[in-house]
Amino acid sequence: MTLPINNGNEGGPPGIGVSIPRADAYMKVSGREKYASDYYGEDLVWCGVKRAGVPHVVIGEIHTRAASETPGVLAVLTHSDVRGTNRQGVLQKDQPVLADDKARHCGDAVALVIAEDRHSLNKALDLVSFDYELLPGVFDAEEALEEGAPILHENHPQGNLLLSGEYRTGAGASAMAECDVVVEGSFRTPRQEHAYLETEAGWAQVQDDGRLFIVCSTQTPFRDRSEVAEALGLDLHDVRIKAPYPGGAFGGKDGVTVQTLLGLAALNSGGRPVRMQWDREESFLAGTKRHPARLYYRLGAKRDGTLHCLDVHMVLDTGPYDHLGGVVLALGLEHAGGAYRVPHVNLKGKCVYTNNPVGGAFRGFGVPQVTAAIEQMIDMTAEKLQMDPLETRLRNAVRRGDKNSIGKTLVNSTGLRECLKALGEHPLWKSRAEWKAGAGAFKRRGAGVAALTHASGYGPVVPDVANAKVELTREGKFLIYSGVVDMGQGNATTNLQIAGSILCQPTDGMELVLPDTDRTLPSGSASASRCTYTFGNALIGAAENLKTRILQRAADLLMARSRDEIVLIPGGVRHLVSGKDLPLSVIAGFMDEAERISVHHFKAPTAPENFDAGPGIRMHGFPHTLFSYAAHLALVEVDELTGEITVCRYVAISDCGTVVNPQIYEQQIQGAVAQGIGFALCEDLVSTQGLILTQDFAGYVIPTAADVPEIDSVPVEIFEPSGPFGLKGVGEIAMNGPLPAISNAVADACGVRIFEYPMTPERVLAAIRDACKRISE
Amino acid sequence: MKTIIQMTVNGELVESAVEPNRTLLQFLREDLDLTGTKHGCGLGDCGACTVILDGKPVNSCLVLAVQAHGREVLTIEGLAENGNLHPIQQAFVDKGAIQCGFCTPGMILSAKALLDENPKPSELEIRTAISGNLCRCTGYQKIVEAVQEAATVIDGTEVSS
């Protein structure tokens, strides 16, 4: 449906660099946008899952009879009803759809119930029970690696070690002896919950032609299709996945959540449509989380502040399944040294199975964890050398042509120094001394900075590709087929902007087709800061190609000497020599379908370097070639009596290439900073012996409007030649900054540093108290 | 046992038989097909299901449908008039206060309840008024700007009319 959109240019074609209103805004603001959780329909049935509730058991008989006999229940299904592999996972297929041999965390699905209504469903779910033999669990990633620890996957050759990486440059850690100063730090980052407002949800039905149709809240419709087909034993082409706008995702819908379960239910509902929506507690229990990390750092520098040697050991808790844990580890290793030149580096990392909640993709993907560490190590080094933290960063910041901390030569635009310099000129940085002096009674104020880098794309092995499709309809309208989900980040609008700019059409002359495996083309996941970079490049090719065809056909029709005499205008073409116009509908009438549809494939560039960081690490994405950069500043006030930290102002200066839509760009920065503030100050999904103690938004607190300060987003626009219109990824980088910037600011304010996160008032008070004790002793 | 209830929803009188434990949220979404009101947590923590009940914002997941009997409900679908967006909706579009959009209906209705009571709120008053509506995408800044903009527009309209 065509939407009334004011494109900010009085109905003209959108420009690049202009804040055209989002294409989804009108439908969303009027409450008419249909999310996956808004699908009901005639003759609907409901389905839901019986969760294990115990963290590690061998499953015996599953008792379904009482549930099956509950009035209103259509079916109670277990693993024996699954005809395919009953396994899912992105790289390792280690996660059962319905648990068969064991349950490995409390959220494992044991049975699936289909019922006429919500009430019967809940009643039946309570009546499903199963026999089990309790197994000892392991709830600490480092303990899971000890000899004799309970093993989660008996067939996994490395025990509880999912994946490990080891990487060295120069003389490795032995160069620490050559350093004038060495600082050490051990950091613990929390398990962060995505907390999207729309929980995992979807709707499915077997269509009249026998094909399974699933509408779901997802970032990965094409990968979902493969996973569902394989797990349920269906032909790939007998599954169709449609992806409406999700109500938030942030990585938590990068992979299967409800999809396979819904598909199984639909295959057993007698052709009736089925609906599933996890409630908030179930979403917390069964959804993926940001991997909790233990980070052991040593950083050595020369007297003049030049970084010389870095030694890192990190352990990530992936819970019971890989999901994307191995890939998160690889990205964490790659970013462990930040965006600095460090000649001697030793990196070790392990991603470990435990009986905790499942770790998975979450905006930042391993980088917020390591950035928390390296960016505080830089401040600790600067403090020891009595140097300015910003100066220390500038001294070591990478430039184009440099090798970064893993020895990767930076061949693309590299604007970290420009970001740091802009931060140094920012009024809030320059006036920080006066601002700090204005703290009231029992308040301390501090300023902290962090320098950031974030890779985009899938790395050297997994092809980072997109296939764009643009159609001129017989009626003379353009259809833009979006292959990559817009989970809120605004890429659907950017697609219209890119296509409209090339085809000279106002956005209301074009229509978006959202990702749908039957209609759009495979273009990868909505993840990895890749959406507009990869898909945008494909879209430019598709739109340019179609433009050429239209101009050529118009030139023939208008008897022009060449197509150079023809231009596209809104709704038509114009022959510049004769001044004649033709509407697009007329041109479309002279083109057959094959000519009216243009597709274009784009594959993102990869790093040619072949670094050996251990078996499988390259496959998991190490290294990348394209990076965004940023410099962040946090101004905080600490209450010495309560330990409460207030972030008063925040500045994010980013090099993410040119800005195609300033409003959408700011949305990405501001939203990621808010999530980062939550990660720094209050968010921790607490689990004890595998049981989640923070089961709702009263226990798991995310920032509200009262907690997030004014955020100043300043783009440093450096044209990236490989990007569409010069852009780079902006979706994730700002997530990496708040924790280290705030912690550095707290250290600046109070002289104490917190090493375990989030920085709750209790932890801040304890740190202040310890410092006072040390001084008095 | 079902109870017959009557209420005004977006200006229209509706009558229905509902179970006593049916929430207003379920009634709106599943019986009236008004899916603009979102289910975010079911516990009154997130504000995604905010509607206006007799002029006051409520979490419709915490109100039983029978409690709305004889009362007036405004949902997001009832805010635009004759296809023209309400100034708050328009300001959310213009200021880019929407990303995934799932919190948007509740956020807008909380903002409306604020501006109805307090047409010229301070930034702090806006942030406080919407602090029961969680948003995970925006960082709230553009939402606050949109409410400020809407307040100005509404104020201007009232002066000129």
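How many residues does the contact take from chain B, and how many from chain A? It takes 45 residues from chain B and 44 residues from chain A. Keep in mind as you explore that this is a predicted model. Below, we start where the two chains meet and then look inside chain A.

**Where the chains meet**

- On the side of chain B that touches chain A, four helices each supply at least two residues: α2 (87-95), α3 (104-117), α4 (123-129) and α5 (141-160) of chain B.
- Sorted by class, this side of chain B has 21 nonpolar, 16 polar and eight charged residues.

**The domains of chain A**

- Chain A is divided into domain 1 (25-33 + 465-603), domain 2 (38-135 + 200-277) and domain 3 (289-459 + 610-776).
- Taken over C-alpha atoms, the centres of domain 2 and domain 3 of chain A are separated by 37 Å.
- Domain 2 of chain A gives 17 residues to the contact between these two domains, and domain 3 of chain A gives 19 residues.
- The side of domain 2 that touches domain 3 in chain A has five nonpolar, nine polar and three charged residues.

**An open sheet in chain A**

- Follow the order β20-β28-β29-β32 in chain A and you will trace an open sheet of four strands, with mixed pairing.
- β20 (443-455) and β32 (710-715) of chain A stand at the edges with a single partner strand each, so one side of each has no neighbour in the sheet.
- From one strand to the next, the twist averages 15°.
- As a reminder, strands of a sheet pair through backbone hydrogen bonds, either parallel or antiparallel.
- Strands β28 (residues 627-639) and β29 (residues 645-655) of chain A pair in the antiparallel sense, over 10 bridges.
- Helix α18 (residues 738-750) of chain A lies across β20, β28 and β29 of chain A, and runs at about 150° to β20(A).

**Two helices that pack in chain A**

- Helix α4 (residues 221-232) and helix α5 (residues 259-267) of chain A pack at an angle of about 50°, and their axes are 9 Å apart.
- That angle makes α4(A) oblique to α5(A).
- The crossing in which α4(A) passes α5(A) is right-handed.
- On α4(A), the contact is made by D224(A), E227(A), V228(A), A231(A) and L232(A).
- On α5(A), Q259(A), T260(A), G263(A), L264(A) and L267(A) make the contact.
- By class, this contact of α4(A) with α5(A) has five nonpolar, three polar and two charged residues.

Key
Residues numbered from 1 in each chain as written. Chains lettered and ligands numbered in written order. Predicted model: local features only at pLDDT ≥ 70, side-chain atom pairs only at ≥ 80, totals over all residues. Pairing = 2+ DSSP bridges. Axes fitted to C-alpha atoms, helices over the stretch in contact; angles between N-to-C directions. Contact = placed C-beta atoms within 7 Å. Parallel < 35°, antiparallel > 145°, perpendicular 65-115°, else oblique. Left-handed = near helix turned anticlockwise from the far one by under 90°. Nonpolar A, V, L, I, M, F, W, Y, C, P; charged D, E, K, R; others polar. Domains from an automatic or database assignment.
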